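Hi everyone, thanks for making time. Let me put the structure up, and then I'll walk you through a few spots.

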Amino acid sequence: MRLRLIALARSKAARIVFSLGAMCIVGFLFWWKGPSLTAIGDAFTQVRWEWVAIAIALNLASVVVRALAWRTVIRQAMAPPHPSSMLVFSAFSVGLFANAVLPGRIGELARVAVLTRKMPRRRGLWATLVGTVFAHRLFDLVPVVILILYVVRTAKIPAWAITSLLLFVGVGAALFTFAFASARRPYSTRLDGLGAARRIVTMARQGLAVMRTPLGAMLAILFQVSGWVFQLFAVWTAMRAFDIHAPLPAAAVVLLLMNVATVFPLWPGNVGLVQVAIATPLKASYGVAYAHGVAFGFGLQAIEASVGIGVGLLFLAREGLSLAMLRVMPSAAQAETSDEAEEADDRPARARVSG
């Protein structure tokens, strides 16, 4: 146990050192080769705030429909009682907040933690919900492929992005195929007699049950596609806010490359890297000054973060959680072990009562 704790501490320290090193390198290159701060500041003086308000509203709509997609996945993965739409939206918002302010993908575990705090205890609940998060993320592959086809047909994308996009789609397709093959309907496998590890895997596979229900999968995909459409128009309206009058395909390029730049969250928001990924194609293909594109990148990221952080903070307080608690989200194995320990402690008490 002590060796495991030491290894965990070392791995966390290594991730922190790596993240800080990468952030310092990007910051140095940004300072050395990037535009002047004066030019970036001048771009902000031209912002039209009514367009910013519309972009924020569209991002909020995207969050709502993506939360509905996750609720659809959850309803296919477990028997009633199901979490309410408001509870799922609350958990999803807390997850967005955690992803925005913490490195890694802590938010995926955070939203599971919020649901498990409010749902009736049942065996394997944590693992099942983790499976639903995985399935929910996989459904992003459909709108991403549609977006890529739209961009390839109507816009120009940098050569460096093509390899990244092909790799992303290839990995996503492989994971989608694996999830479909692994998916199991609820209660299709008995849990009695299974060890802890096999039970976790079984319940996680049940979390993928939506992959085996065509109607549920189509509904979840429809919600996800709607969420991406809202995001696309949010990017387009944010461009108008920064006086960038490029066509809708330019907004699609920005949305696509912004997501490529944040696939691996090296530090919170990958700030700096995102701005370079946005400004470079806008300058090369649409004649937007690099400093203006960088300023727009900061503004666009702030608009998206205002929804994730603002709504997330609201529901974080509502659920009685803190930022420190989000940093120590347990894994499925730890949650399952904790549940087993609680059940073992309850058995003698029930025996004494019945006797």
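Asp243 sits in the loop between helix H10 (214-241) and helix H11 (248-261); helices here are DSSP runs of H or I with at least four residues, strands are runs of E with at least two, and numbering goes from the N terminus. Keep in mind that this is a predicted model, where local features need pLDDT of at least 70, side-chain atom pairs count only at pLDDT 80 or more, and totals for chains, interfaces and linings use all residues. Residues are numbered from 1 along each chain as its sequence is written, and side-chain values use heavy atoms, with hydrogens and water left out.

So what is the phi of Asp243? Asp243 has a positive one, about 60 degrees, and it isn't a glycine. Most residues other than glycine have a negative phi, and most peptide bonds are trans. Asp243 counts as partly exposed because its relative accessibility is 40%; buried means under 20% relative accessible area, exposed over 50%, and partly exposed in between, with a 1.4 Å probe and protein chains only.

Next up, a peptide bond. Pro80 and Pro81 are joined by a cis one, with omega at about 5 degrees. You'll find Pro81 in the loop between helix H3 (49-77) and helix H4 (85-101).

Helix H3 also holds Val64, which is partly exposed because its relative accessibility is 35%.

And the whole chain? We have 15 helices and zero strands, and buried residues make up 44% of the 355 residues. Looking at contacts (heavy atoms within 4.5 Å) between residues at least 6 apart in sequence, 76% join residues at least 24 apart.
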